[in-house]
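I opened my notebook to jot down what I looked up in this structure. Here it is, before my notes.

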Amino acid sequence: MNDYMQVRLEVEPCSEVATDVLAAMLGEIGYESFVPDETGVTAFVPQGTYDEAQLETVLGQFPLEGVKVTRQTTFVPGQDWNEEWEKHYFKPIVVGDECVIHSTFHKDVPQARYDVLIDPKMAFGTGHHETTTLMLQAILATDFIGRSVLDMGCGTAVLAILASMKGASPVVAVDIDEFATENAQENVRLNRVPDIEVRLGGIEVLKQEAFDFIFANINRNILLADMHAYVERMKSGSRLFMSGFYVEDIPAIRSEAERLGLRFAGHAEKNRWARVECVKD
């Protein structure tokens with residue numbers, strides 16, 4: 001059962017910096033998604049990962065002076081998760097005037113060249129988060145005809161699906177969460193893009209294979225730890241796009257990429273979240 005804990009954090013005074021810092025700190029202890037608003041942020045974590053003492057420790061270490069954070073925790077049963085997400089958080093999104101991402105329950109969906117159906121079973125990977133949007137923008141700007149793609153930390157597989165729609169083949173989508181991979185497979189079938197192989201695990205499930213493009217939207221620490229495995233699966237001319245971290249993390253990401261022999265090709269940012277591109281010459 002994919003049960004979740006919903007943690008509502010009221011922040012006073014509330015600012016984008018405060019909610020971003022909270023999201024970053026909670027992301028380090030397993031929280032998977034964050035929905036900020038004018039008065040705070042709602043965070044979600046799998047019920048099995050939730051640790052009351054750990055949460056108290058993190059909130060006690062909140063570094064912004066003069067900011068008060070109060071919380072309320074709610075249990076969200078697995079069978080109710082879709083309804084909760086659909087009602088309150090997942091809305092259709094248009095990216096670059098070329099791609100619309102929506103679910104089967106949405107009505108009056110805008111028309112776009114690429115129509116991606118996502119029925120989320122978790123609160124991440126729908127395109128609403130800045131890092132997913134940055135990755136989608138990179139995919140929209142890229143020619144994938146006849147090119148292979150690896151999507152690490154695939155979540156709903158929205159990146160893999162859009163790449164496949166743009167001509168990528170073969171496409172491999174990988175996630176460490178069993179429920180995420182099940183949802184990814186459902187979304188692959190929903191969009192009728194059969195050339196996508198979904199794998200459960202981390203870098204250990206990568207074979208002796210090479211990809212033209214690798215997209216890794218995870219977080220700074222995992223990227224730094226696993227980047228060597230991505231580089232090993234790149235050939236001359238392959239491009240690696242990484243996101244899931246802040247602009248201030250770019251130097252660390254760039255340093256590790258260059259240490260592994262990659263060329264830093266630039267970055268993009270949105271609301272302090274970053275995406276970097278590296279090339280294997």
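**Starting with one serine.** I found Ser164 in helix α5 (residues 158-165). Helices here are DSSP runs of H or I with at least four residues, strands are E runs of at least two, and both are numbered from the N terminus. Before going further I noted that this is a predicted model, where local features need pLDDT of at least 70, side-chain atom pairs count only at pLDDT 80 or more, and totals for chains, interfaces and linings use all residues. Residues are numbered from 1 along each chain as its sequence is written, and side-chain values use heavy atoms, with hydrogens and water left out.

Is Ser164 buried or exposed? Its relative accessible area is 13%, so I put it down as buried (buried is under 20% relative accessible area, exposed over 50%, partly exposed in between, with a 1.4 Å probe and protein chains only). Then I looked up what Ser164 touches, skipping its neighbours within four places in sequence: Val171, Val193 and Ile196 are in contact with it (contact means heavy atoms within 4.5 Å).

**On to the rings.** I got four aromatic pairs. The rule takes rings of Phe, Tyr and Trp (its six-membered ring) with centres within 6.5 Å; planes under 30 degrees apart are stacked, over 60 edge-to-face, and the rest tilted. Phe144 and Phe215 make a tilted pair, 6.1 Å centre to centre with 50° between the planes. Phe144 is in the loop between α4 and β8 (149-152) and Phe215 is in strand β11 (residues 211-217), 71 residues apart.

How are the rings of Phe215 and Phe241 arranged? Their centres are 5.0 Å apart and their planes at 5°, so I wrote "stacked". Phe241 belongs to strand β12 (residues 234-246), so this pair ties β11 to a part 26 residues away in sequence. Phe215 is buried at 1% relative accessible area, and Phe241 is buried too, at 2%. I also saw that ring pairs link Phe144, Phe213, Phe215 and Phe241 into a cluster.

**Last, a sheet.** I found an open sheet of three strands in the order β5-β6-β7, with mixed pairing (two strands pair if DSSP finds at least two bridges between them). Why are β5 (93-95) and β7 (114-117) edge strands? Each has a single partner strand, so one side of each has no neighbour in the sheet. β5 pairs with β6 (residues 99-102) in the antiparallel sense over three bridges, and I spotted Ile93 opposite Ile101 in β6.
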